[in-house]
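Let's walk through this protein together, one question at a time. Keep the sequence and the 3D view handy as you read.

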Amino acid sequence: MFILSFILMLSMGIHAQGSLEKGIIADSKGLNDLAVGYYREAVDTNAEARLRLGMLLQHQEHFSEAAKWLTKADSSALAMTHLAECQAELHDWPAAKRAAEKAIEIADSHENALRASAMATLALVYCIDENYTNALSWAHKAQKEDPKSARAINVVGIIQFYKGNDNEATQTFRKAIQTDPKNIDAYFNLGTMYCYRNHYDLAITTLKKGLKVERNSIKLIYCLGWAYLLKGEKNNAIECLETVIRYDSTYINAYNRLGDIYFNQADYNQALALYRTASRIDPKQSESHRLMGRTYAELGEFGKAIRCYQHAVEINKKDAETYCRIAELYAKQKKSKQEQNNYKRAAKLGHKKAQKWCTQHGIAY
């Protein structure tokens with residue numbers, strides 16, 4: 001019996017190795033879907049297959065599944081570096097920080113590109129936490145480690161954008177593109193910045209350039225759809241967002257933006273259906289609950305709106321604007337105590353309108 005089990009395990013290992021080798025060949029030829037299939041055949045018994053599958057899924061922007069396989073791969077610096085990048089894309093900042101710190105700790109001194117990428121991820125974590133001193137320190141360490149690291153340059157641009165230095169951010173993102181013309185993150189970051197600053201034509205032009213480099217990039221197609229939506233080109237926006245969902249049926253932001261389109265058309269039932277889909281995919285993200293609250297409020301269903309808004313602030317307790325919206329709905333219901341409590345919460349978080357309301361009503365916050 002032992003001999004039979006050993007032979008079975010051996011045959012499985014040989015099959016897995018063969019699938020891994022076929023996957024590597026397909027991967028090298030850019031046959032991504034074929035490579036994914038071969039790697040999947042080998043993941044049960046081969047750690048390298050799990051690592052390569054995770055990295056390829058990351059390239060395809062399937063970050064959640066990529067993170068799963070990278071976690072199961074090994075504890076190498078390569079795995080930890082890519083895991084940190086995926087977790088940053090998923091906005092799991094504590095996990096991204098742990099993986100990046102681990103990668104920096106275990107990477108060999110000559111693995112400059114890995115160390116630089118991990119340092120850049122750590123810089124991004126500090127940036128999101130608004131600790132710009134540490135963020136810039138780690139970003140500069142990353143650039144010193146590998147001056148050709150487009151990821152490190154990108155993160156410097158993100159920090160400058162968060163600090164409100166648009167000119168510096170623009171120049172930095174362009175430098176990242178010059179350093180690595182295939183780095184789609186630089187196109188995405190530049191396009192996103194233009195969207196936030198209401199430069200929609202510049203955003204669309206930039207994102208289309210990025211799509212010439214990687215035509216199936218989910219994040220670039222999504223951002224292009226968002227830019228079209230902000231510009232008022234509804235049909236182009238719908239086409240982009242529906243394409244995103246075809247590529248990745250779990251892409252929450254696409255459902256939310258499509259919901260916004262139907263909300264603006266006063267098709268509230270369709271908007272609610274899309275927001276609900278997003279909330280089912282990830283119940284821990286607050287935006288879809290907030291958007292459902294807005295829709296119910298528009299329908300005059302204040303009780304449902306308040307419940308959705310409250311769910312949103314349970315997830316994101318720093319959402320001052322939503323506390324204000326809850327307060328406004330309680331005011332319409334003439335529930336002054338609940339109105340006051342929510343304005344106070346918003347005021348404590350720095351919301352100007354809420355602070356003005358509390359001052360006018362003689363309420364300390």
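**Rings, helices and cysteines**

Q: Over the ring of which residue does the charged end of Arg294 sit?
A: This is a predicted model, and in it the charged end of Arg294 is 3.7 Å from the centre of the ring in question. That ring belongs to Phe263.

Q: Which residue lies over the face of Trp69?
A: Here the distance to the ring centre is 5.3 Å. A charge counts as sitting over a ring within 6 Å of its centre. The residue over Trp69 is Lys72.

Q: Which helix has the lowest mean pLDDT among the elements of the protein chain?
A: The protein chain averages a pLDDT of 92, and 96% of the residues score at least 70. Over residues 4-14, though, pLDDT stays under 50, and the model has 1 contact beyond four places in sequence for them. Where pLDDT is low, the predicted coordinates should not be read in detail. The element with the lowest mean, 64, is helix H1.

Q: How many residues apart in sequence are the parts that the pair of Tyr222 and Tyr251 ties together?
A: The structure holds 6 aromatic pairs. In this one the ring centres are 5.4 Å apart and the planes are at 45°, so the pair is tilted. Tyr222 lies in helix H13 and Tyr251 in the loop between helix H14 and helix H15, so the parts joined by the pair are separated in sequence by 29 residues.

Q: Are Tyr222 and Tyr251 buried or exposed?
A: Buried means under 20% relative accessible area. By that cut-off, Tyr222 and Tyr251 are both buried.

Q: How far is the sulfur of Cys195 from the closest cysteine sulfur?
A: A search of the whole structure finds 0 disulfides. Cys195 is buried, with a relative accessible area of 2%. The closest cysteine sulfur is in Cys223, too far for a bond, at 4.5 Å.

Q: Which residue holds the cysteine sulfur closest to that of Cys86?
A: Cys86 is buried, with a relative accessible area of 0%. Its sulfur is 19 Å from the closest cysteine sulfur, too far for a bond, and that partner is in Cys127.

Note on methods: Residues numbered from 1 in each chain as written. Predicted model: local features only at pLDDT ≥ 70, side-chain atom pairs only at ≥ 80, totals over all residues. Heavy atoms only, no water. Phe/Tyr/Trp six-rings, centres within 6.5 Å; stacked < 30°, edge-to-face > 60°. Helix = DSSP H or I, 4+ residues; strand = E, 2+ residues; numbered from the N terminus. Buried < 20%, exposed > 50% of the residue type's maximum accessible area, 1.4 Å probe, protein only. Lys NZ or Arg CZ within 6 Å of the ring centre and 35° of its normal. pLDDT = per-residue confidence, 0-100. Contact = heavy atoms within 4.5 Å. Disulfide = S-S within 2.5 Å.
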